[in-house]
Amino acid sequence: NAIPKKGNAKLLAACGGDVPRIGARGEPVVALFDDDRVRELPGLGSMTRKRDVARALRTKSSGPAQLVVWLLVCNTETLVSAAATCFGSHPPSKTPAARDRVLQKAAWGDRRVRDCVRADVPSFDCFVRGVARLWACP
């Protein structure tokens, strides 16, 4: 299940209390934070390394062993812009509905577009490969 949250603070709040409910059977719960602003959250310094950011965010979770934290470089707008470019169009307005349309078109459209987005946003490619590993059959 995907439960989108607008902003790192709202995502962190959801991780603080919802992880055991979301992963009720003990499965991993994945949280994708925007790397460009995540260090503005309480307890993180501007020079905190990614690994330490992820560890700190997990410790604020109600289910730290279940929570898998990923950082999207730079942010969701980077991903939306890459998707639009891969379609050959301009980035949409920054409304959630416009962004969702572009991302859904990329997710459910031509494989070449998805490959293009993953090539343009390496941190997203890393995220996709990591999530695939979490749910890979043994």
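At what angle do helix α3 and helix α5 pack, and how far apart are their axes?

Mentor: Happy to. Before we start, this is a predicted model, in which local features need pLDDT of at least 70 and side-chain atom pairs count only at pLDDT 80 or more, while totals for chains, interfaces and linings use all residues. Residues are numbered from 1 along each chain as its sequence is written, and side-chain values use heavy atoms, with hydrogens and water left out.

Now to your pair. Helix α3 covers residues 76-87 and helix α5 covers residues 111-120; they pack at about 135°, and their axes lie 9 Å apart. Axes here are lines fitted to C-alpha atoms, for helices over the stretch in contact, with angles from 0 to 180 degrees between N-to-C directions. Helices (H or I, at least four residues) and strands (E, at least two) are DSSP runs numbered from the N terminus. The two helices are therefore oblique to each other, a label for what remains once angles under 35 degrees (roughly parallel), over 145 (roughly antiparallel) and 65 to 115 (roughly perpendicular) are set aside. The crossing of α3 and α5 is right-handed, meaning that the near helix is turned clockwise from the far one by less than a right angle.

As for the side of α3, Leu-79, Ala-82, Ala-83, Cys-86 and Phe-87 meet Val-113, Cys-116, Val-117 and Asp-120 of α5, where contact means heavy atoms within 4.5 Å. This set of residues holds eight nonpolar, no polar and one charged. In that count, Ala, Val, Leu, Ile, Met, Phe, Trp, Tyr, Cys and Pro are nonpolar, Asp, Glu, Lys and Arg are charged, and the others, Gly among them, are polar.

Cys-74 sits in the loop between β2 (67-72) and α3. A cis peptide bond joins Val-73 to Cys-74, with omega about -15°. For context, most peptide bonds are trans.

Stepping back, the protein has six helices and two strands, in the order α-β-α-β-α-α-α-α along the sequence. Among contacts between residues at least 6 apart in sequence, 58% join residues at least 24 apart. The C-alpha atoms fill a box of roughly 40 × 40 × 25 Å, taken along the principal axes. Of the 138 residues, 34% count as buried, that is, under 20% relative accessible area with a 1.4 Å probe and protein chains only.

Conventions: Buried < 20%, exposed > 50% of the residue type's maximum accessible area, 1.4 Å probe, protein only.
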